[in-house]
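Trainee: Could you show me how to read the way helices pack against one another, taking one case at a time?

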Amino acid sequence: MRKKIKIFLAIIIILLAIAKMSVAGAIYIYPPIVENDVVQINSKNIIKLTNDYRTSLGLNPLKEDPRLDQAAVNKARDILTGGFFDHTSPEGKKFSDWIKDVDYKYFYVGENLAIDFQDDDSVFQAWIDSPEHYDNIVKTQYQEIGVSAVKGKMGKRPTIVVVQLFGSRVLGTNSSVDDQSYVPSSAAQNYFYETPAWQKLFSLEKLQKSDIALNYLLTVTLTIFFFIYERRKLKNQINIKQPIINRYQANAFRE
């Protein structure tokens, strides 16, 4: 019976090890952008929080602009795919370059970034508490805004990158949230790529939770297996005292 249990546990250990390697491999190859996962941070609500705060100070509310929205999306993607968190990419591309890429001709422009936040209020409060970010939020020269919240991973860690862009257009240029003439560039359209079927079934968070659970199960199973093995080993050890006593008694008997 004990032997059957050991065989059963050995099979379980092998299966758990295979499952863990598969999950670890999936986490490793998981793309940095995770469109199919639910993003709890709402870009529209961040715009509302910004405008509510500005109007409470007597400042003009900002109009949402589709070009700035798309530039914010593209910048967030670049942060996740490039594995950096800064206003300028390692290649030297500034945040204003992303705005130029979507044909937004600006006179004033600014950017706020956030990472590792889970809700709108905490993001906005962090910006308010930071002098540099606060200055962007209350700057009177800005007229328009665009925000994106893109979920993905930084290294192996799941996260959300929030990009908030501010701008004022050059007078005479056409850019409005109601402007239907704006068509995203091919680079912008690539953001909405087709999600592979396996990503629809397994989110990054689910994979990481599964990896933790497999670690726990593998540890427990190995502990039980070696406990049974050691007990069996101790049971099969030779008692060196008993043969000596037997020989002594046999000699005494012959005498």
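Trainee: How are α5 and α6 oriented to each other, roughly perpendicular or roughly parallel?

Mentor: An angle from 65 to 115 degrees counts as roughly perpendicular. In this predicted model, the axes of α5 and α6 cross at roughly 100° and come within 5 Å, and α5 and α6 are therefore roughly perpendicular to each other.

Trainee: Which residues of α5 and α6 meet?

Mentor: On the α5 side they are Phe124, Trp127, Ile128 and Asp129, and these meet Pro131, His133, Tyr134 and Ile137 in α6. Sorted by class, the contact of α5 with α6 has 6 nonpolar, 1 polar and 1 charged residues.

Trainee: At what angle do α2 and α5 pack?

Mentor: Helix α2, residues 43–56, packs with helix α5, residues 120–129, at an angle of about 45°, and their axes are 10 Å apart. That angle makes α2 oblique to α5, and the crossing in which α2 passes α5 is right-handed.

Trainee: Which residues in α2 and α5 meet?

Mentor: From α2 come Asn45, Ile46, Leu49, Thr50 and Tyr53, which meet Asp120, Asp121, Val123, Phe124, Trp127 and Ile128 in α5. By class, this contact of α2 with α5 has 7 nonpolar, 2 polar and 2 charged residues.

Trainee: Which residues of helix α6 are buried?

Mentor: Burial is judged from relative accessible area, with under 20% counting as buried. In helix α6, which covers residues 131–138, the buried residues are Asn136, Ile137 and Val138, and the buried residues of α6 pack against α2, α5, β2 (106–115) and β4 (157–169).

Trainee: Is Asp135 buried or partly exposed?

Mentor: Asp135, which lies in helix α6, has a relative accessible area of 48% and is therefore partly exposed. Asp135 is 23 residues from Asn112 in sequence, and their C-alpha atoms are 10.0 Å apart in space.

Trainee: How many helices and strands does the protein chain have?

Mentor: The protein chain has 10 helices and 4 strands, and along the sequence they follow the pattern α-α-β-α-α-β-α-α-β-β-α-α-α-α. Of the contacts in the protein chain with a separation of 6 or more, 79% are between residues 24 or more positions apart.

Trainee: What percentage of the residues in the protein chain is buried?

Mentor: Buried residues account for 38% of the 255 residues in the protein chain. The accessible surface of the protein chain is about 15,400 Å², and 60% of that surface belongs to carbon and sulfur atoms.

Key: Residues are numbered from 1 along each chain as its sequence is written. This is a predicted model: local features need pLDDT of at least 70, side-chain atom pairs count only at pLDDT 80 or more; totals for chains, interfaces and linings use all residues. Side-chain values use heavy atoms; hydrogens and water are left out. Axes are lines fitted to C-alpha atoms, for helices over the stretch in contact, and angles run from 0 to 180 degrees between N-to-C directions. Helices (H or I, at least four residues) and strands (E, at least two) are DSSP runs, numbered from the N terminus. Angles under 35 degrees count as roughly parallel, over 145 as roughly antiparallel, 65 to 115 as roughly perpendicular and the rest as oblique. A crossing is left-handed if the near helix is turned anticlockwise from the far one by less than a right angle, and right-handed if clockwise. Contact means heavy atoms within 4.5 Å. Ala, Val, Leu, Ile, Met, Phe, Trp, Tyr, Cys and Pro count as nonpolar, Asp, Glu, Lys and Arg as charged, and the others, Gly among them, as polar. Buried means under 20% relative accessible area, exposed over 50%, partly exposed in between (1.4 Å probe, protein chains only). Accessible areas come from the Shrake-Rupley method with a 1.4 Å probe; for residues, only the protein chains shown count as cover.
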